[in-house]
Amino acid sequence: MKELLRALAESDREKEAPPEVEVRLRAAFRRKHRRRVWPYFAAAAAVATVLLIRIPKPQTMEIAVVTPSVPVLPVAEKPIAVHQKRRPPREIVTEFYPLMEDPMPFENGELLRVSLPAAAMRSVGVPVSEDRLTEMVQADVLVGQEGLARAIRFVNTSSNRP
Amino acid sequence: MQPTDYELLVGMLAGDEEAFTALYRRRQGPVYRFALQMTGNVVIAEDVTQEVFMALLSKTAKYDPARGSLASFLYGVARNLVLRRIEKTAEIEDYAGPEDILDDLTRRETVENVRRAVLSLPPVYREAVVLCDINDTSYEEAARVLDCPIGTVRSRLNRGRSMLAQKLAVRSSV
């Protein structure tokens, strides 16, 4: 019996997990380690931004509702020219990258616009070329009800290309 | 001088990816083979190996060096995962054994017969045989992995061996 079991042991001696398991685990290790560092960095950036920048509150407008006292005129054949306001520059945003592991359920929070060195993007896996690491980029940091940064996304505007 | 498992673990906790990789390369083989010999399924063995090291990444604090070696700890995690898989699948068929194992002339066939016979043992005996008779784990270490007294390991091993002997119909016992 022992000899038969030895034969089985000998036959399996070289068997190992395939290399892709190691690749997956190393990727998980990098993600985990990155997440540990990031919350502090992002939270610090968010706090600094709050202190330095006053976030303009949206202004409320009072709208008077007027009942027309004259009959409604028929629609003009030519479209009436409407003066359109100039649109703000269009923004393109990345997906949100999580900054916390196993966060509490999200109840409410704030989205804060911050400026960060482009090197920060690398920390969440977004590729950035070496020569642009020190450039400042804009990002939105999602701060949860507990006051911690939960996720970040990067913003690409005409003057800011992540 | 090679760093110990514990030194690598500490390096891993400090964020040293090379320490984690070295630890993985040193310990993945036994974990993978244990899972393979317990389930006979390479896909499950691969999954279990990955889950064991993922658990090490996320719950390292649970490993207590005072309670045994890291190798035992990893076997223990692998054992729990394997038993869960066995409960879920329950697809390992019973193996009655060949008419006469000596008729299976090639060594490969013999090994596969033994493998199937081991796989057909109830898990409680199978894990004792896989750990002690195939992977040379000491009774003390097996007792820690299986979370039972050493005497229980011995008795399970004896019972497992005799069941194997019956299944394999070794000529000397026929």
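Predicted model: local features only at pLDDT ≥ 70, side-chain atom pairs only at ≥ 80, totals over all residues.
Let me start with chain A. It has 162 residues, and 17% of them count as buried. The secondary structure comes to 3 helices and 5 strands. Along the sequence, the order is α-α-β-β-β-α-β-β. Now the contacts within chain A. Take those with a separation of 6 or more: 69% of them join residues 24 or more positions apart.

Next, the strands of chain A. Keep your eye on β5(A), residues 149-156. Which way does β1(A) run against β5(A)? The two run antiparallel, with 2 bridges joining them. Strand β1(A) covers residues 92-93. Here A:I92 stands opposite A:N156 in β5(A).

Strand β2(A), residues 97-98, also pairs with β5(A). That pairing is antiparallel too, over 2 bridges. Look for A:Y97, which stands opposite A:I152 in β5(A).

Then there is β4(A), residues 136-144. How many bridges does β4(A) make with β5(A)? There are 6, again in the antiparallel sense. On this side, A:V143 stands opposite A:A149 in β5(A). So much for the strands.

Over to chain B, and a pair of helices. Helix α1(B) spans residues 5-13. Its axis and that of α2(B) come within 7 Å. They cross at roughly 140 degrees. An angle counts as roughly antiparallel only over 145, so α1(B) and α2(B) are oblique to each other. The crossing is left-handed.

Which residues meet there? From α1(B) we have B:D5, B:L8, B:L9, B:G11 and B:M12. From α2(B) we have B:A19, B:F20, B:A22 and B:L23. By class, this contact has 7 nonpolar, 1 polar and 1 charged residues.

Now, where the chains meet. On the chain B side, 29 residues are in contact with 22 residues of chain A. Which elements of chain B give two or more residues to that side? They are α2 (17-39), α3 (42-58), α5 (107-119), α6 and α8 (150-168). The largest share comes from α2(B), with 10 residues. By class, the chain B side has 14 nonpolar, 8 polar and 7 charged residues.

One residue is worth a stop here: B:Y32. You will find B:Y32 in helix α2 of chain B. Is B:Y32 buried or exposed? It is buried, because 24 other C-beta atoms lie within 10 Å, and 20 or more is the cut-off. Set aside residues up to four places away in sequence, and B:Y32 touches residues of two chains. In chain A, they are A:K15, A:E16 and A:A17. In chain B, they are B:A45 and B:T49. There is also a distance to note. B:Y32 and B:V42 are 10 residues apart along the chain, and their C-alpha atoms are separated by 8.7 Å.

On to helix α6(B), residues 123-134. This helix is mostly covered, with 10 of its 12 residues buried. The buried residues are B:Y125, B:R126, B:E127, B:A128, B:V129, B:V130, B:L131, B:C132, B:D133 and B:I134. Recall that α6(B) is also among the elements giving two or more residues to the side that touches chain A.

What follows α6(B)? After the helix comes B:D136, with a positive phi. A quick reminder: most residues other than glycine have a negative phi. For B:D136, phi is near 55 degrees, and this residue is not a glycine. It is found in the loop between α6 and α7 (139-146) of chain B. Why does B:D136 count as exposed? Because it has 11 C-beta neighbours inside 10 Å, and 12 or fewer counts as exposed.

Last stop, B:D147. This residue also has a positive phi, of about 55 degrees, although it is not a glycine. Where is B:D147 found? Look in the loop between α7 and α8 of chain B. B:D147 counts as exposed because it has 10 C-beta neighbours inside 10 Å.

To recap: in chain A, β4(A) and β5(A) pair over 6 bridges. Between the chains, α2(B) gives the largest share of the chain B side.

Methods
Residues numbered from 1 in each chain as written. Chains lettered and ligands numbered in written order. Helix = DSSP H or I, 4+ residues; strand = E, 2+ residues; numbered from the N terminus. Contact = placed C-beta atoms within 7 Å. Nonpolar A, V, L, I, M, F, W, Y, C, P; charged D, E, K, R; others polar. Axes fitted to C-alpha atoms, helices over the stretch in contact; angles between N-to-C directions. Parallel < 35°, antiparallel > 145°, perpendicular 65-115°, else oblique. Left-handed = near helix turned anticlockwise from the far one by under 90°. Pairing = 2+ DSSP bridges.
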